[in-house]
Amino acid sequence: MEGEKVRQYFCKIIKEDEDVSVGVAAIRTLLEIIKHSKSETVQELEANLKDAISQMKNSNYTVAAINSGCELFLRFITLASLDTRDFDECKKIMMDRGHLFIKKLDDSRGKIVKLASNFIGDGSRILTHSRSRVVLQTLRKAHKQNKRFEVFVTISAPDNIGTRMCKDLEAEGIPCTLILDSAIGYIMEQVDFIMVGTEGVVESGGIVNKVGTNTMAVCAKEINKPFYVLTESFKFSRLFPLDQQDLPEEYKYTSEVRKSCDLRKIHPLVDYTPPSYITLLFTDLGILTPSAVSDELIKLYL
Amino acid sequence: MHDKENLSDVSKLVSDIKHKNILSSLDIALRSEDLLKELISQGQWKSARELMNLVKIRIQYIKENLPHEATAANVMRHVLKVIREEYECESKRKVEGQSLHQLVTAHPADVLDYSESLINLKTSLIDHLTEYKVELESSGENIAAQASEHIHMDEIILTVGKSDTVEKFLKSAAKVRAFKVVVVEAAPLYYGHKMAVSLAKSNIQTTVISDAAVFAMMSRVNKVIIGTHTVLANGGLRAASGIHAVALAAKHYSVPVMVLSHMYKFTPLYVGSHNQEAFNICASPANVIPYSAGKILNSIQVFNPVFDYVPPELVTLLISHQGGNAPSYVYRLLSELYHQDDYDI
Amino acid sequence: MDKKKEPLKKEKVAEDGLTKKERRALKVQVKKTEIQNVIQVNETIVENKPNPEKEKQKQNVSHKTNDTPNDPPVSGKLLSDKELRKLEWEKKLTDQKTKELESVKALSKAELKAKRREQQESQRSAKTSSKVEPTPTKTPSVNIKQSKTEPKKSPVQKQIIRKTIPIQRVQLVQHLYIDNSSESNDKNSILHNKVHPAFVRLGTQYSNKNVLGSNARCLALLAALKQLVDNLQTPPKQEFCRYLETVLKSCTNYLQNCRPLAVSMINALRNFNLQLTQIDTNLNDNEKRIKLQDVIDIYINDDIRKAGEAISMRVREKISDGDVILTYGCSSLIRKILLEAHKDEKKFEVIIVDSRPLLEGKEMLRRLVVAGIKCSYVLINALSYVMNSVTKVILGAHALLTNGYVMSRIGTAQVALLARAYNKPVLVCCETYKFSERVQTDSFVYNEIGDADLLRTTHTSETESPLSKTKDMNKLMPLNLLYDVTPPDLVTAVVTEIAILPCTSVPVVLRIHADEST
């Protein structure tokens, strides 16, 4: 499959299904590629996949989830191919495993929602940042469990996606207040805890998420409010940023922006929140403390 | 269902705990272990799965009746893990727990059913349980044996209330070192008094202070050594009331807080409510203000909470019979003690 | 031990003069049920003192003089110049006391309170110590025989037991124990140093913890000071103010030995001494007296009463409807603030936190409940449990130190620490007269050790605490500290009559005060 088609397929998946996250879409794309692949060796297949990955990174979506998801998928594939000799059989195994993998990924959100909704008690006031599908589903589930709670959402400039989150919540009947990004410090003393999603989870146990998350986390730490992160496990990546500048540029800016402008004058899309500000991570592997993330990654990659 | 009558063993355990016939957590652990041993040797079960179901029913019973009694449930959870291990050992198949690695390498046929009926399962389980009992009984001494590593000459140690584990720990250190102990009396039950008398009888220089003097005293204290009721899954503690204040004062003066805890106190539960209602229980207010106070008791509310939540950032070290650990490592200890699927029974 | 000896002697004496003793005992009982220091009498008598004079003095201090006819026969056995002079002095005092009795009706609130407390104490001890009652009257006659042989031993003996200095001391706080064996605080030295009986009474009130709280202690001191100024007769060839200064010094030394002076008291005395030096020497004695009493009244009105009202107004603005206010122990100022805010129709709830061994919070609880405020009561270990629902924490202070630390009842720092952990604002209310130039960084450098035995008994459980049987164990010592210091970063604001200040502005206020008074 050529580059253009890859990108088209990828974008099509994202546009069609509202609920699909970028990472899952990327993995599905890779599976398609394997299906239509005409290569004869494993190495060729891998090379094709790597090409496709770089194509997807060049489309205008955030790269963190694509990176981690695809790396996991690749590992998945390479681990599978060690046994058999016949390439077709190998391919078949890969396809089976791929479908299994995707099925697991689809289930992962449900598991997270079940864990996280237990932490929302009656009368809670929750603060969230930007729009995260997992958080939205968790709030929906808690609402269905007949819990009464209130949500504060940040507008989250520059794309103001918080307004959409607010609309979605109000459509469910959950009382929701839209606040300015700069009003986080003001509202912090009134909320009970914070729940955010992530684009990616890094090796230190910290997270990479829409810009403004770090501010919220620092503020929460100072006022002693719990900071909960909801994330699927395929978003774990082997990155270890030391500070905000240490984040790779492909994470912070989309591909178009990277090509065109002087990066010093552009606002980044994401920021890095260190693990010391995070209380708990809710994943499909269970509830983890930030130090457990590294444990999981080590088990996988070493 | 014949299960209902079989629950008489658990209901006796629960009623003993409620009526304070068994007081120390070690006794509770040993009783639970005995209960399970009987269940395994005499219960009606054919496969590992049936046995596990029986145990799960008991855990649920305890959870409903004594939501804060973690020790019994934890021992049973551990036994569930033992059952799974023995089963896997016997059937020579290995199932990995949930992890990224498992996500990646899983085979669809890998799900273990536990429903095969294996011959040697019963005997191997009982052997394992006997070992576990020995471990339970000796954990106190194992913890106390580490005492000389942590307590040094002329240090001032602060402890709160009465804990058998801490007592043994301090007495063991006192045999080799000379140090002083400050005991906080822990109103309203004043267990600290008993602890102080016991320590002084072992020739340890002891001072008793009231709960209000903790912050004032902390500037001179070198270490805080306390016991706890439960260790939660995030590394936090459910400890006796008043210990949160001690931990905060220790943090303020940068004094290390060491918590001595047996493995059966590690529970896989998290504290979700931030307003203490689900977390805490309240005891009789007569210990706070006696009934002799008269008519004003009609117009006031009196609280006597039993527990306190101590967040993991305030705990420096968790000492168990295997050695010391940071509170951030608790998730790993939990995964060794219990199986992932048994976390939220 | 002493009590066991006395019954034997009782029998011997009883054969001789039973009726006299009985009469005396009855008289003594009547006196004791009215006002004053029964406890002292019991304590001192139990310890075998040569106390005919002292006993009489105590009875005189209680404003009744019926016993004087009995004195001559008893004291006749021990006649010496010193004792004669003492008796004369006492007669003088009793005359003065009768005058005072009339003016007693206009006593200040603190005095009344103190008197009521003493009444209760005396009633309580009269009930419980009825067995001990007969012995005091009998032992004097016995002691008279003994006292000839051991006049010197008893003062020292009395000192030790009266002050209950623990033989064992906690090493950490050795520097804080009061060493009283060198100072003689018995009546010999009192007369020798010319300690006014009002101060004697005050001293016993302090050491028995009848008067608690910095404001109450200061007011009691100023009332006693007023009496002193009123009663003082300058000996010839001495100037009124200078003589007053020396007498005042000996009185305050006596008080210091009973219980270390509070910062409020020290500041009040300093102000008084300053005014004393500035007084116009051309006035006659009576005019000076009136002027000094005015000075004291102004001080009480401005620096204590009006300051309290100003603070109350400021804090009232900060209390809104629906507030849950947490307070610790019993502070007269906080009580005043809450009662006035309640009168002002503000709807709030109060959570009172209390701690051992003094359990002052109960007093606060009683007053607030009577006024109709919705209250909750917890011990200090339950702070984490209640702190979530609290909106404000308001605390009283004993003193504010120059480096911004707040010195207050022990446990206050803990309350502030917990409040900070839950992010609740902490307000400390303190009049400016309590600001001190001392600096202190932790609670050990300067503190007061209370009675360790209070920790050995518990007020609620039916069974005795195991500590109560361990008085002889030298490896086990209860420690009863009375004060602690709260660092300024745990306090949000200090409310004074001048303004609401941050904790760090204390030296600024002290500087202003120093400028004003010079």
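In the predicted model, strand β6 (residues 207–210) of chain A pairs with β8(A) in the antiparallel sense over four bridges; strands are DSSP runs of E with at least two residues, helices are runs of H or I with at least four, and both are numbered from the N terminus. Two strands count as paired if DSSP finds at least two bridges between them. Within this pair, K210(A) stands opposite V270(A) of β8(A). The sheet is open and has three strands, in the order β5-β6-β8 (chain A), with antiparallel pairing. Because β5 (200–201) and β8 (270–273) of chain A are at the edges and have a single partner strand each, one side of each lacks a neighbour in the sheet.

Helix α9 (residues 213–222) of chain A lies across β6 and β8 of chain A and runs at about 30° to β8(A). Axes are lines fitted to C-alpha atoms, for helices over the stretch in contact, and angles between N-to-C directions run from 0 to 180 degrees. Residues are in contact if their C-beta atoms, placed from the backbone, lie within 7 Å.

Chain A is divided into domain 1 (3–109) and domain 2 (112–301), with bounds from an automatic or database domain assignment. The contact takes 18 residues from domain 1 of chain A and 22 residues from domain 2 of chain A. On the side of domain 1 of chain A that touches domain 2 of chain A, α4(A) gives the most, with seven residues.

Residues are numbered from 1 along each chain as its sequence is written, and chains are lettered from A and ligands numbered from 1 in the order in which they are written. As this is a predicted model, local features need pLDDT of at least 70 and side-chain atom pairs count only at pLDDT 80 or more, while totals for chains, interfaces and linings use all residues.

Methods: Contact = placed C-beta atoms within 7 Å.
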